[in-house]
Amino acid sequence: MRKLVLLLVCVLLAMPVLSQTTLNGAGATFPYPIYSKWFSEYRKLHSEVQINYQSIGSGGGIRQVTAGTVDFGASDMPMSDKQLAEFKGKILNLPTVLGAVVPAYNVPSVTEELKFTPEALSGIFLGKISKWNDKAIASANPGVNLPNNDIILVHRSDGSGTSFIFTDYLSKVSPEWKSSVGADTSVKWPIGMGGKGNEGVAGMIRQLQGSIGYVELIYALQNKIPYGSVRNASGNFVRASLESVTAAAASAPKMPADFRVSITNAPGKDAYPISSFTWLLIPVQSKNPANGKILSDFLTWMLTEGQQMTSALSYAPLPENVVTKEKEAIKQIK
């Protein structure tokens, strides 16, 4: 009897361990705040599931999911045809939320919100505008006492989807930028210093007076860094917000079947021009059927209850038509 009791105790102790499933993901820093929230909330509902996520940048997420070292990746740009071809199997690019990349700056003498034209932003990041009181900035900000100080430019040092969103926008509004630098997760920056992750760029902007860089909206808000409005394709200066990011998605091209779309410089009058979806990169064939079932369940939860948590962290929820299409797409996961 004693041996039987001991055996039962051992079995009961082992059961939680045996039923525990851990999924590992890596990639974009842009959506890290909402992903961290989602994984935590999902765990409360499913204590047997642990989802770990490394916020290492979109480039790292694409590399790791391609290499098969993680169960899923994350990126602020959809994978290219070439990248998809390098994976042995099929990967779904599934949008999760909408967000905004903002020009964040540290100019202590300026208390007003600055306005940036496409010409000013491209000129600053090309290194052609080097002073804060340059006429390209001053003309959009009449009455603002801009200092005659050097502009310190900060960009990402790692492979970054946030960089892709920003350089994709610059490539659309500046022929010179498109031909000399282009759009990618990593580019050869004409000028500036690099910071790792949205966290690193935000930290450098906070420390360096006279600096400007680009970060995802939530990082500017959390770090209390001023950020400017940007003149959109309709000629209106628009500040990043849930409403203006949603307007960008509504006025952008129709969502393709593979969900790979760019919505930067969208045509709507209320659209914030540096808006984007961000994507989870999900292999259709999981490492084992149990993992595939858990991923499918999490993604379904993300598209329903999870979307209700986005606004609190300054992300815009997915449009309903996109949610409907994704629910069909995730049925492929095994």
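Arg-260 and Asp-258 meet through their side chains in a salt bridge, at 2.9 Å from N to O. The term salt bridge here means a side-chain nitrogen of Lys or Arg within 4 Å of a carboxyl oxygen of Asp or Glu. Arg-260 counts as partly exposed at 25% relative accessibility, and Asp-258 counts as partly exposed at 34%. As for the cut-offs, buried is under 20% relative accessible area, exposed is over 50%, and partly exposed is in between, with a 1.4 Å probe and protein chains only.

A word on the model: it is predicted, so local features need pLDDT of at least 70 and side-chain atom pairs count only at pLDDT 80 or more, while totals for chains, interfaces and linings use all residues. Residues are numbered from 1 along each chain as its sequence is written, and side-chain values use heavy atoms, with hydrogens and water left out.

Back to the charges. The count comes to 13 salt bridges, and the table shows some of them.

| Salt bridge | N to O distance | Accessibility of the partners |
|---|---|---|
| Lys-44 and Glu-41 | 3.1 Å | Lys-44 61%, Glu-41 18% |
| Glu-328 and Lys-331 | 2.9 Å | Glu-328 49%, Lys-331 61% |

Helices (H or I, at least four residues) and strands (E, at least two) are DSSP runs, numbered from the N terminus.

What is the nearest side chain of opposite charge to Asp-71, a buried residue with no salt bridge? That would be Lys-287, 4.2 Å away. For charge, Lys and Arg count as positive and Asp and Glu as negative, with His and the chain ends not counted. Asp-71 sits in the loop between helix 3 (58-67) and strand 3 (72-75). Its side chain does have a polar contact of 3.3 Å with the side chain of Asn-291. A polar contact is a pair of N or O atoms within 3.5 Å; within protein, one must be able to donate a hydrogen and the other to accept it, and residues adjacent in sequence count only if both atoms are side-chain atoms. Setting aside neighbours within four places in sequence, Asp-71 is in contact with residues including Thr-22, Asn-24, Pro-283 and Leu-295. Contact means heavy atoms within 4.5 Å.

Helix 3 itself has Ser-58, Gly-59, Gly-60, Gly-61, Ile-62 and Val-65 as its buried residues. They pack against several elements, among them strand 1 (21-27), helix 7 (161-173) and strand 11 (275-283). Gly-27 in strand 1 counts as buried at 0% relative accessibility. Beyond its neighbours within four places in sequence, Gly-27 touches a set of residues that includes Tyr-53, Ser-58, Gly-61 and Ala-74.

Helix 5 (residues 118-126) has eight of its nine residues buried, so it is largely enclosed by the rest of the structure. Just after helix 5, Gly-127 takes a positive phi of about 85 degrees.

Most residues other than glycine have a negative phi. Lys-224 has a positive phi of about 55 degrees although it is not a glycine, and Ser-314, not a glycine either, has a positive phi of about 65 degrees. Are these two buried or exposed? Lys-224 counts as exposed at 72% relative accessibility, whereas Ser-314 counts as buried at 18%. Lys-224 lies in the loop between helix 10 (217-222) and strand 9 (229-231), and Ser-314 in the loop between helix 12 and helix 13 (320-329).

Finally, the rings. The whole structure holds 21 aromatic pairs. Rings of Phe, Tyr and Trp (its six-membered ring) pair if their centres lie within 6.5 Å; planes under 30 degrees apart count as stacked, over 60 as edge-to-face and the rest as tilted. Tyr-42 and Phe-298 are edge-to-face because their planes stand at 90 degrees, with the centres 5.3 Å apart. This pair links distant parts of the chain, with Tyr-42 in helix 2 (residues 32-45) and Phe-298 in helix 12 (residues 289-303), 256 residues apart. Both Tyr-42 and Phe-298 are buried. Phe-277 and Trp-279 make a tilted pair, 6.4 Å centre to centre with 55 degrees between the planes.
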